[in-house]
Amino acid sequence: MTSSAVAAVPEQDVPFAAVAVVDFSNLCPAPRSDADVYDGLHAIDSVVRQAIKQHWPLVTDLHLRLYGGWLFRNGRETRQWEWALPHLADFHTRRDGLRVEPELAHSSAWRPDTRIRGTFRLAREADPGEPARAMQKMVDGLIVADSLRYSLEGKPTILVSDDDVLPGLLAATARPTRSMIWLRKRAPGQSCNDQWLTSYSNIEICHAPGWPTW
């Protein structure tokens, strides 16, 4: 890695609004009830609030976008969507000076009018006798694309996901953007590709204390 690093966008203005891009299906992959979904939302809310206060204490408003397998191919909402949607109002609150506005992200920040179908599918295993396996599709790509959009706009951005988002973060290092926090279960240096991000000032890898464990 060369010593030349892409600098973050000069942060002369004081940011009052931030965005969190969260892979909900990665953190809560197999909820069995709406109570499981509520617990997942509560854990995410707590972890993200803590990160905002630590890194951007002057931020007063947070747009919390939750990504997952929300829609079948025919456009019908999944059970996980039906469980999560009624709970969002409980987290749409101002607490300790930070107001959170949660949203189930079913479209791209680049094209908010486009409702993306087929983010949840059932895949058959090789053995026909085995039950269908639930899987999400296109979610990682959507998370990466939206994170780049927000950071290029100059918004403080928290990305909560696993190593699947690494290629997108490498793309972010090629352009001056507002500083982005990659919040994850592993501490900095514990992933085999962390070395490719450490010399850039616009990406910071952070471990999330109290990470939800499902």
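**Close-up views of a predicted model**

Figure 1. Strand 8, which spans residues 180-184, pairs with strand 9 in the parallel sense, and five bridges link the two.

**Figure 2. Asp146 is a buried residue of helix 5.** Helix 5 covers residues 139-152 and includes Asp146. The relative accessible area of Asp146 is 0%; because buried means under 20%, Asp146 counts as buried. The side chain of Asp146 is joined to that of Ser108 by a polar contact of 3.3 Å. When neighbours within four places in sequence are left aside, Asp146 is in contact with Arg65, Tyr67, Ser107, Ser108, Ala109 and Trp110.

**Figure 3. Asp96 has a positive phi in a loop.** Most residues other than glycine have a negative phi. Asp96, which is not glycine, has a positive phi near 55°. The loop that holds Asp96 runs between strand 3 (94-95) and strand 4 (98-104). With a relative accessibility of 69%, Asp96 is classed as exposed, because the exposed class begins over 50%.

Figure 4. Met138 belongs to the loop between strand 6 (133-136) and helix 5. The relative accessible area of Met138 is 45%. This value makes Met138 partly exposed, because that class lies between the limits of 20% and 50%.

**Figure 5. Cys192 is exposed, whereas Cys206 is buried.** A disulfide is a covalent bond between the sulfur atoms of two cysteines. The number of disulfides in the model is zero, when a pair of cysteine sulfur atoms within 2.5 Å is required. Cys192 has a relative accessible area of 64% and is therefore exposed, since the class requires a value over 50%. Cys206 has a relative accessible area of 9% and is therefore buried, since that class requires a value under 20%.

How values were computed
Residues numbered from 1 in each chain as written. Predicted model: local features only at pLDDT ≥ 70, side-chain atom pairs only at ≥ 80, totals over all residues. Heavy atoms only, no water. Helix = DSSP H or I, 4+ residues; strand = E, 2+ residues; numbered from the N terminus. Buried < 20%, exposed > 50% of the residue type's maximum accessible area, 1.4 Å probe, protein only. Polar contact = N/O pair within 3.5 Å; in protein donor to acceptor, adjacent residues only side chain to side chain. Contact = heavy atoms within 4.5 Å. Pairing = 2+ DSSP bridges.
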